[in-house]
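Please open the structure in a viewer and keep the selection panel at hand.

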Amino acid sequence: MSEPKPVVASSDPLARAWWAGVAEGRIGYQRCEACAAAQFYPRERCAACGSARLAIATSVGTGTIFSITVVHRPPSPALQAFAPYGIALVDLDEGVRLMAHADPGLAIGDRVRATFALFGDRTTPKFVRAG
Amino acid sequence: MAYIAGVGNTRYGVVEGSSTTSLMTDAAHAAIADAGLALRDIDGLLTGYSTTLPHIMLATVVSERLGIRPTYAHSMQAGGATGVAMVMLARLLVESGQCRAVLCVAGENRATGQSRDQSIQTLAQAGHPDYEVPYGATIPAYYGLLAARYMHQFGVTGLDLAELAVVMRAHATRHPDAHQRQPITVEQVMASKPIALPLRLLDCCPVSDGGIAAVITREPTGEAKVRIRGAGQAHLHQHISQARDWAAMGASESAARAFAEAGMAVTDMRYLAVYDSFTITLAMLLEEIGFVRRAGSGEAARAGRFGREGDLPLNLHGGLLSFGHCGVGGGFAHLVEAQRQLSGRAGDRQASNVPTAFVHGDGGVMSSHVSMILERV
Ligand SMILES: [Zn+2]
């Protein structure tokens, strides 16, 4: 038996915290307490106003497909078992956009909700048709 | 004033036994000879990066290999825009009097120096390491997202994009140094295997070995009299998930700066050298900058406007899509071909009248834009 792998090996503590949230079924984003801007991905400062007063919030997990591609040629043999897989840019209802997995049958404009699924060695958000 | 005094390149494609330094050395010697200069005349050296030779000081590695001792040297990184960016900086260096002759050189054995998986994984790192790469994203996936949205937004079709691949291949058949020289049809593009839908294999550029160089001087020193008349840049994001206005990715902003400096407009350009890592890249850049209408690239290609005899001759060397992509040298080749077209030295590929040219490089995923206006003197 091999040792369990860490959820993510990022050098960025903000990214480690974000993926730890995903492993528990949460999609986090930041809300600026100075200018109210919603921000994804998590940063040290608000990219709209420069404030360091950023609160962590959790998305309800619903949104709209902004764009989607279906990957048939993965970057490594380890991911071949998952191909073809959908990668989408999703506009969450809280006003931020993120990249995530998505059902390959989805189209731009479709309403979606987040689920969570294992991809390689980590759990990732995967969006499916809402309702 | 700054001139592209000389240019040179190696064959692009699979060059067995080549290395980053051998490809750079061969291209550098060719460019210096074309400029009518000797090694000792080079007092500035700019280079890019190489994924097969990821050295932290590539410019002095290359200087030492060539046997030159420049008074100014460093490497630069702006992805696919690096080639045009190097020439933009070289121009500033010669115009300011810092240097007399700057060698801009790129080369990489990207095809033979690493496995296909290595290459795909290295390049995918242009994406966000924490918020994009973990999804199994690749460069074609980032551009697949661009393609899907752009097609949806403006009504571009897969057939429109396929036309661009066909035109680039037709051009490459006339260049002896091109990687892909076998003509293709729209049907073949549409039937090629899916990579990151809507993009298929023939919507994507190949991975090539190759080296290419140019010498920038204050006055012409060789046969070619090609002047840099204006240049500009724009950098609006790095990662595609952070791009805000998908109808204005930075290309038009960058081009506007170059046109303003040159005192010229889109309609003054008689030759186009526009980055084409994927068919969608080329369509978006041509349309955003305004050479054709939105969703008009396919119809322009079908009408022959991008050919040698057309009113907008485009990437007559074959572009990244068919001349080949060896990293920094991939986008640099567009500029080198523009210099040859402007100086009437493009042989079988020569367009009839090329007094002006527009050059555009795109790095990352529409992340870094560098535009340049060239003119024949
Ligand atoms: Zn703020």
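The stops that follow concern a predicted model.

**Stop 1: the zinc site in chain A**

Select the zinc ion together with A:C32, A:C35, A:C46 and A:C49. The SG atoms of these four residues coordinate the zinc ion at 2.3 Å. Angles of 105 to 112° between the four donor atoms make the arrangement tetrahedral. Along the chain, the donors keep the spacing C-x2-C-x10-C-x2-C. A:C32 belongs to strand β1 of chain A and A:C49 to the loop between β2 and β3 of chain A, so this pair ties together parts that are 17 residues apart in sequence.

Now colour these two cysteines by accessibility. A:C32 is buried, at 3% relative accessibility, whereas A:C49 is partly exposed, with a relative accessible area of 40%.

**Stop 2: the three-stranded sheet**

Next, select β1, β2 and β3 of chain A. These three strands form an open sheet with antiparallel pairing, in the order β2-β1-β3. The edges are taken by β2 (38-39) and β3 (54-58) of chain A; each has a single partner strand, so one side of each lacks a neighbour in the sheet.

Strand β1 (residues 28-32) of chain A and β3(A) run antiparallel and are joined by five bridges. To inspect this pairing, display A:G28 and, opposite this residue in β3(A), A:T58. Strands of a sheet pair through backbone hydrogen bonds, either parallel or antiparallel.

**Stop 3: β5 and its two partners**

Move on to strand β5 (residues 85-92) of chain A. Seven of the eight residues of β5 are buried, and the strand is thus mostly covered. With strand β4 (residues 62-71) of chain A, β5(A) pairs in the antiparallel sense over eight bridges. Within this pairing, A:S67 has A:L89 of β5(A) as its bridge partner.

Strand β6 (residues 97-102) of chain A is also antiparallel to β5(A), and six bridges join the two. Here A:A88 has A:A100 in β6(A) as its bridge partner. Four residues lie between the strands in the hairpin of β5(A) and β6(A), where A:G95 takes a positive phi near 100°.

While this region is in view, display the side chains of A:R97 and A:D91. They form a salt bridge whose closest N and O atoms are 2.6 Å apart. A:R97 counts as buried at 17% relative accessibility, while A:D91 counts as partly exposed at 24%.

**Stop 4: the contact between the chains**

Show chain A and chain B together and select the residues in contact. Chain A contributes 36 residues and chain B contributes 29. About 2900 Å² of area is buried between the two chains, and carbon and sulfur atoms give 61% of this area.

One salt bridge is counted between chain B and chain A. To find the salt bridge, select B:D117 and A:R73, whose side chains meet with an N to O distance of 2.9 Å.

**Stop 5**

Is B:F332 buried or exposed? B:F332 is buried, with a relative accessible area of 0%. Leaving aside residues up to four places away in sequence, B:F332 touches B:G83, B:M86, B:V87, B:C104, B:V105, B:A106, B:I212, B:A213 and B:A214. Although B:A214 is 118 residues from B:F332 along the chain, their C-alpha atoms are separated by 9.0 Å.

**Stop 6: further salt bridges**

Finally, display the charged side chains of the whole structure, in which 19 salt bridges are found over all chains. In chain A, A:E24 and A:R26 form one of them, with the closest N and O atoms 2.9 Å apart. A:E24 counts as exposed at 58% relative accessibility, and A:R26 is partly exposed at 37%.

In chain B, the side chains of B:R305 and B:D311 meet in a salt bridge at 2.9 Å, N to O. Both residues count as partly exposed: B:R305 has a relative accessibility of 28%, and B:D311 has one of 43%.

Key. Residues are numbered from 1 along each chain as its sequence is written. Chains are lettered from A and ligands numbered from 1 in the order in which they are written. This is a predicted model: local features need pLDDT of at least 70, side-chain atom pairs count only at pLDDT 80 or more; totals for chains, interfaces and linings use all residues. Side-chain values use heavy atoms; hydrogens and water are left out. Buried means under 20% relative accessible area, exposed over 50%, partly exposed in between (1.4 Å probe, protein chains only). Two strands pair if DSSP finds at least two bridges between them. Donors are N, O and S atoms within 2.8 Å of the metal (3.2 Å for Na, K and Ca); water is not among the atoms, so sites may look incomplete. Four donors count as tetrahedral if all angles lie between 85 and 135 degrees; four count as square planar and six as octahedral if opposite donors are over 155 degrees apart and all others between 65 and 115; anything else is irregular. Contact means heavy atoms within 4.5 Å. Buried area is the accessible area (1.4 Å probe) that two parts lose on being put together, summed over both. A salt bridge is a side-chain nitrogen of Lys or Arg within 4 Å of a carboxyl oxygen of Asp or Glu.
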